[in-house]
Amino acid sequence: MSRSRCVPLLLLVLCGAAEFAEACSCSPEHPQQAYCNADVVIRAKVVGRKEVVTGNDVYGYPIKMIRYDIKQIKMFKGPDGEIDTIFTGPSSALCGVNLESNGKKEYLITGNMDSNGTLRINLCDYIESWESLSMTQKKSLGQRYQMGCDCKVVQCPMIPCSINDPIECLWTDWVLEGTVQGTQAQHYTCIKRSDSSCAWYRGSAPPTKEFMDIEDP
């Protein structure tokens with residue numbers, strides 16, 4: 001799935017009556033950035049799926065969503081209390097996420113709460129099967145990623161590229177490995193150090209005092 005924020009693009013189609021369609025446009029996000037940008041980060045199984053109507057749009061047409069019933073295993077970030085439902089668009093064209101709902105597969109799910117306190121997810125959120133995550137990614141969820149939320153992971157889309165601020169870490173997986181699930185995504189965290197600059201740190205062990213006091217990683 002795409003690792004990024006979702007930007008709906010509204011297209012007007014005139015054919016007797018006005019109809020609307022949305023396309024899903026995403027740019028990649030490092031999993032740490034996705035964690036920091038999300039309201040909620042949980043490990044969960046999906047145990048049910050149903051199409052529901054959540055209201056009407058300004059033209060009176062029903063707003064359809066997919067409601068997933070979930071069994072939360074662990075919350076890494078989010079509100080007090082357990083989350084048991086999440087909502088997404090009814091199709092991938094509307095940024096909807098298709099999840100297995102037989103209760104067998106575990107997911108890492110990131111998403112954001114709406115004004116009604118409902119968790120909503122889309123194709124641009126970081127959503128992966130739990131078993132596909134590296135050990136570093138699993139151990140970084142929570143305190144490790146949170147340590148880097150004052151930092152900014154900047155994707156390098158093409159060479160040459162560089163950072164413009166000491167709080168930035170340059171993410172080069174795409175240009176060097178041809179994937180956004182490369183070495184930096186799987187094994188590195190962008191962490192703020194004692195001089196307020198940020199730098200990549202590799203591995204799941206806690207950062208050393210030497211690294212925090214400015215050691216070249």
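A disulfide here is a pair of cysteine sulfur atoms within 2.5 Å. The model on screen is predicted, so local features need pLDDT of at least 70 and side-chain atom pairs count only at pLDDT 80 or more, while totals for chains, interfaces and linings use all residues. Residues are numbered from 1 along each chain as its sequence is written, and side-chain values use heavy atoms, with hydrogens and water left out.

**Whole chain**

Start with the chain in cartoon view. The chain has six helices and twelve strands; helices (H or I, at least four residues) and strands (E, at least two) are DSSP runs, numbered from the N terminus. Of its 217 residues, 40% count as buried. Buried means under 20% relative accessible area, exposed means over 50%, and partly exposed is in between (1.4 Å probe, protein chains only).

Switch to a surface view. The accessible surface of the chain comes to about 11800 Å², and 50% of that belongs to carbon and sulfur atoms. Accessible areas come from the Shrake-Rupley method with a 1.4 Å probe; for residues, only the protein chains shown count as cover. Contacts (heavy atoms within 4.5 Å) can be sorted by sequence separation: among those in the chain between residues at least 6 apart, 53% join residues at least 24 apart.

**Disulfides**

Select the cysteines next. The structure holds five disulfides, and the tour visits some of them.

Select Cys-26 and Cys-124, which are joined by a disulfide with an S to S distance of 1.8 Å. The torsion about their S-S bond is about -55 degrees, so this disulfide is left-handed. Cys-26 sits in strand β2 (residues 17-26) and Cys-124 in the loop between β7 (119-120) and β8 (127-129), so the pair ties together parts that are 98 residues apart in sequence. Cys-26 counts as partly exposed because its relative accessibility is 30%. Cys-124 is buried, with a relative accessible area of 0%.

Move to Cys-36 and Cys-149, also joined by a disulfide, with S to S 2.1 Å. Here the torsion about the S-S bond is about -90 degrees, so the disulfide is left-handed. Cys-36 is in helix α1 (residues 31-37) and Cys-149 is in the loop between α3 (143-147) and β9 (152-155), so parts 113 residues apart in sequence are tied together. Cys-36 counts as buried at 18% relative accessibility, and Cys-149 counts as partly exposed at 24%.

Now select Cys-169 and Cys-190, where the disulfide has S to S 2.1 Å. The torsion about the S-S bond is about 80 degrees, so this disulfide is right-handed. The pair links distant parts of the chain, with Cys-169 in strand β10 (residues 168-171) and Cys-190 in strand β11 (residues 188-192), 21 residues apart. Both cysteines, Cys-169 and Cys-190, are buried.

**Aromatic pairs**

Show the side chains of Phe, Tyr and Trp. A search of the whole structure finds three aromatic pairs. Rings of Phe, Tyr and Trp (its six-membered ring) pair if their centres lie within 6.5 Å; planes under 30 degrees apart count as stacked, over 60 as edge-to-face and the rest as tilted.

Select Tyr-35 and Tyr-145. Their ring centres are 5.8 Å apart and their planes stand at 50 degrees, so the pair is tilted.

Go on to Phe-76 and Trp-130, an aromatic pair that is stacked, with 6.0 Å centre to centre and 10 degrees between the planes. Phe-76 lies in strand β4 and Trp-130 in the loop between β8 and α2 (135-140), so the pair ties together parts that are 54 residues apart in sequence. Phe-76 is buried, with a relative accessible area of 15%, and Trp-130 is buried with 11%.

**Two surface stops**

Select Gln-143 in helix α3. Gln-143 counts as exposed at 65% relative accessibility.

Finish with Val-58, Tyr-59 and Tyr-61, which form a nonpolar patch on the surface with about 390 Å² of accessible area together. Patches are made of residues with over 30% relative accessible area and no salt bridge; like charges are joined within 9 Å, and nonpolar side chains (Val, Leu, Ile, Met, Phe, Trp, Tyr) within 5 Å. A salt bridge is a side-chain nitrogen of Lys or Arg within 4 Å of a carboxyl oxygen of Asp or Glu. Val-58 is found in the loop between β3 (40-56) and β4 (62-77), and counts as exposed at 76% relative accessibility.
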